[in-house]
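Let's take a friendly walk through charges, strands and surfaces in this model. Have the viewer open, and follow along residue by residue.

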Amino acid sequence: MTVHKLLLGDEAIALGAIHAGLSGVYAYPGTPSTEITEFIQSHPLAKERGIHSRWCTNEKTAMEAALGMSYAGKRALVCMKHVGMNVCADAFVNSALTGVKGGIVVLAADDPSMHSSQNEQDSRFYGKFALIPVLEPSNQQEAYDMMSEAYRMSESLRLPVLLRIVTRLAHSRASVAVGTTSGTNPLAPDEGKHWVLLPAIARKQYVSLLEKQPALLQLSETSAYNRLEKADTEKGIGIIACGIAYNYVKEAQAEGLAGVLKISQYPLPEEKIKQLAAQSRAVLVVEDGQPVVEQDVKALLGCDYPVKGRLTGELPRTGELTPDNVAQALGKKRQTAPGAKNVVGRPPALCPGCGHRDVYTALNKVAAEYEGSRIFGDIGCYTLGALPPYNSLASCVDMGASITMAKGAADAGLWPAIAVIGDSTFTHSGMTGLLDAVNDKANITVVISDNLTTAMTGGQDSAGTNKFEAICLGLGVEPEHVRVVVPLPKNMEEITRIIREEINYKGVSVIIPRRECIQTLNRKLRKQKQQQQ
Amino acid sequence: MKKDIILSGVGGQGILSIATVIGDAATNAGLYLKQAEVHGMSQRGGDVQSHLRLSHDPIYSDLIPQGETDVIISMEPMEALRYVSWLKPTGWLVTSSQPLINIPNYPDTEALQQELASQPQVARLNIETMAKEAQTPKSANMILLGMAAPYIEIISPEDLRNSIINFFKSKGEKIISDNLKAFDLGYNTTKR
């Protein structure tokens with residue numbers, strides 16, 4: 001029986017995966033992908049079946065664990081935000097060479113407009129790079145339906161499948177018709193040697209991957225998700241609408257179109273594109289993210305055929321698609337009221353009472369005493385220390401870069417070089433950099449601001465909780481230079497004294513200000529109160 | 001019929017609760033629905049908004065085009081003004097009149113209130129004070145939903161009340177009755 005459920009795009013994917021017979025989800029939290037794993041963690045069927053759903057330390061460990069589960073014959077899901085694809089890229093690209101046994105779906109949630117991200121890279125590039133099928137749902141229903149399809153495709157092609165979504169689908173709710181659930185695969189480890197990517201084997205596997213490409217193309221040509229809708233107008237503009245772009249095109253109700261080709265499966269269906277081009281006088285490519293399809297269509301149709309899109313200015317080169325910029329590209333003009341005068345931006349800020357606030361107050365006080373000091377930042381709530389009133393940070397690049405950038409700057413002679421990194425980010429990608437610093441006896445001061453959670457994404461478990469002193473000692477930081485403080489205003493004198501001492505120590509020191517995130521603490525207290533009532 | 005609604009406010013003010021109540025009522029009434037939410041970084045005291053689209057016919061875009069919104073429901077006056085270019089000429093702006101000042105460059109509040117008052121169709125009330133006076137201090141958002149109820153049209157106030165009961169079911173009778181009281185308080189100020 002079909003049941004309708006009101007689901008976020010993320011939740012539709014999660015439920016689709018469970019219903020497809022998932023045995024494990026492997027993920028590191030990252031907006032806008034976090035809710036997928038959270039949904040699976042709290043789903044009764046996941047508990048009943050023992051579906052693995054604990055958070056991983058980073059996207060690379062997640063991808064590799066999924067590959068192991070696949071080797072053992074079971075279906076796995078890997079979820080991450082787009083920049084997580086960079087972290088797991090080694091395992092991801094090579095997984096196309098090893099191939100899979102149990103199906104693997106890799107979910108990349110892109111964030112055009114950078115609502116909560118440091119870039120707007122397009123994960124479809126990764127699918128093309130790895131030579132695997134990519135699915136890009138246009139709505140919540142497709143997101144749910146595609147999961148079963150993706151696992152079947154993955155197992156029949158023996159390749160991982162990349163599912164690419166964007167923020168507006170991930171975080172938008174709609175009613176989804178959900179079906180029944182399939183059972184999980186039995187344990188059946190692979191017997192083949194093709195998992196051993198020694199050069200001699202890898203060369204064979206690469207040839208085999210290339211030999212699969214015509215089959216991938218054929219699947220795209222006949223996919224129900226790639227649909228050419230003909231229009232009446234002869235020789236009007238033809239539209240290629242990828243993923244959710246299709247919705248904005250339909251919303252605009254533009255007239256005079258030669259046809260709309262909805263694309264939700266890659267590699268690109270070349271015959272369908274040629275068919276659209278033949279009946280159109282020009283093709284407009286509407287895609288969220290980077291002009292991936294636009295470039296390929298340009299190459300496919302030749303330089304004389306007019307192809308329009310983000311590269312030609314019909315659509316903006318940066319930022320997400322909106323119903324407004326798509327309508328404009330389709331030639332629809334709308335009258336809108338001018339904006340109000342008395343409106344200013346309201347950027348996010350660290351919560352009142354947050355421990356990171358005390359960390360920055362202390363760091364700013366001490367840093368001001370040393371001419372030429374720099375504080376290198378990292379990714380998390382504490383990146384907001386770059387904004388007023390603190391203005392503390394010189395950099396924020398990628399997970400873990402605070403420590404390694406401080407080290408590189410120190411190598412160049414910069415002093416004091418201070419790194420600020422959160423607990424979850426430290427275990428994600430900071431530990432290896434700290435080992436580099438220790439081995440090089442770099443003159444840096446590392447602050448691991450430990451709030452006992454992955455706070456930015458809503459308070460998920462942090463992989464290193466209760467292990468930070470042991471990790472730092474294990475990596476070789478001198479015991480007398482691993483210092484723990486409690487970031488509270490009343491401890492300011494002690495904290496600033498310790499920061500001074502460790503800056504003055506010539507070598508690697510780690511200061512761990514530790515106090516629970518105010519959000520998770522309040523949530524815990526509310527829960528306790530509710531249970532008492 | 002189709003109704004496009006923008007919910008706005010500051011992270012932590014409870015606009016997603018309003019969205020969930022409307023969403024539940026719309027689903028129970030068999031309407032098509034799309035609701036784009038904001039999660040992540042902006043929830044830390046920054047501006048937040050949610051696009052809520054309700055219709056008797058299928059809906060394509062998750063986002064509302066500019067100039068097509070029927071109702072803006074805002075927990076904060078400046079956040080209401082932020083989205084006026086999304087409003088239809090006949091659209092209603094329903095907002096709390098109480099500024100939440102957590103930034104150093106917040107506009108002059110008098111000029112802000114004047115600009116708000118000059119909007120063609122606006123309903124504004126100090127819902128925070130009303131909620132305190134009614135001894136339901138945590139229900140300001142339900143007063144606002146009550147105020148907006150006559151303009152949502154596509155869902156009846158009775159359906160919204162039922163969904164308030166559903167939403168607070170796990171919190172006990174007292175919380176349910178406080179929130180229904182708050183809803184009625186708002187509804188009585190705007191019902192026609």
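A salt bridge here is a side-chain nitrogen of Lys or Arg within 4 Å of a carboxyl oxygen of Asp or Glu. This is a predicted model, in which local features need pLDDT of at least 70 and side-chain atom pairs count only at pLDDT 80 or more, while totals for chains, interfaces and linings use all residues. Residues are numbered from 1 along each chain as its sequence is written, chains are lettered from A and ligands numbered from 1 in the order in which they are written, and side-chain values use heavy atoms, with hydrogens and water left out.

**Salt bridges**

By the salt-bridge rule, the count over all chains comes to 42.

| Pair | Distance |
|---|---|
| Arg164(A) and Glu136(A) | 2.6 Å |
| Glu251(A) and Arg53(B) | 3.0 Å |
| Lys3(B) and Glu153(B) | 3.1 Å |

Start with Lys3(B), which forms a salt bridge with Glu153(B). This pair links distant parts of the chain, 150 residues apart: Lys3(B) is in strand E1 (residues 2-10) of chain B, and Glu153(B) is in the loop between helix H5 (140-152) and helix H6 (157-167) of chain B. Helices (H or I, at least four residues) and strands (E, at least two) are DSSP runs, numbered from the N terminus. Buried means under 20% relative accessible area, exposed over 50%, and partly exposed in between (1.4 Å probe, protein chains only). Lys3(B) is buried at 11%, whereas Glu153(B) is partly exposed at 47%.

Which chains does the salt bridge between Glu251(A) and Arg53(B) cross between? Glu251(A) and Arg53(B) meet in a salt bridge, and the pair runs from helix H12 (residues 245-252) of chain A to strand E3 (residues 47-55) of chain B. Glu251(A) is buried, with a relative accessible area of 15%, and Arg53(B) is buried too, at 1%.

Within chain A, Arg164(A) pairs with Glu136(A). Arg164(A) belongs to strand E6 (residues 161-166), while Glu136(A) is in the loop between strand E5 (134-135) and helix H8 (140-157), 28 residues apart. Arg164(A) counts as buried at 1% relative accessibility, and Glu136(A) is buried at 3%. Salt bridges that share partners join Asp110(A), Asp122(A), Arg124(A), Glu136(A), Arg164(A) and Glu287(A) into one network.

**A sheet in chain A**

Now look at an open sheet of 5 strands in chain A, with mixed pairing and the order E8-E10-E9-E12-E13. Strand E8 (227-230) and strand E13 (307-308) stand at the edges with a single partner strand each, so one side of each has no neighbour in the sheet. Two strands pair if DSSP finds at least two bridges between them. Strand E9 (residues 237-242) and strand E12 (residues 282-286) of chain A pair in the parallel sense over 5 bridges, and Gly238(A) stands opposite Val283(A) in E12(A).

Arg523(A) is in helix H21 (residues 518-532) of chain A and counts as partly exposed because its relative accessibility is 40%. Lys332(A) is in the loop between helix H15 (323-329) and helix H16 (355-367) of chain A, and at 33% relative accessibility Lys332(A) counts as partly exposed. The C-alpha atoms of Lys332(A) and Leu384(A) are separated by 39 Å, with the two residues 52 apart along the chain.
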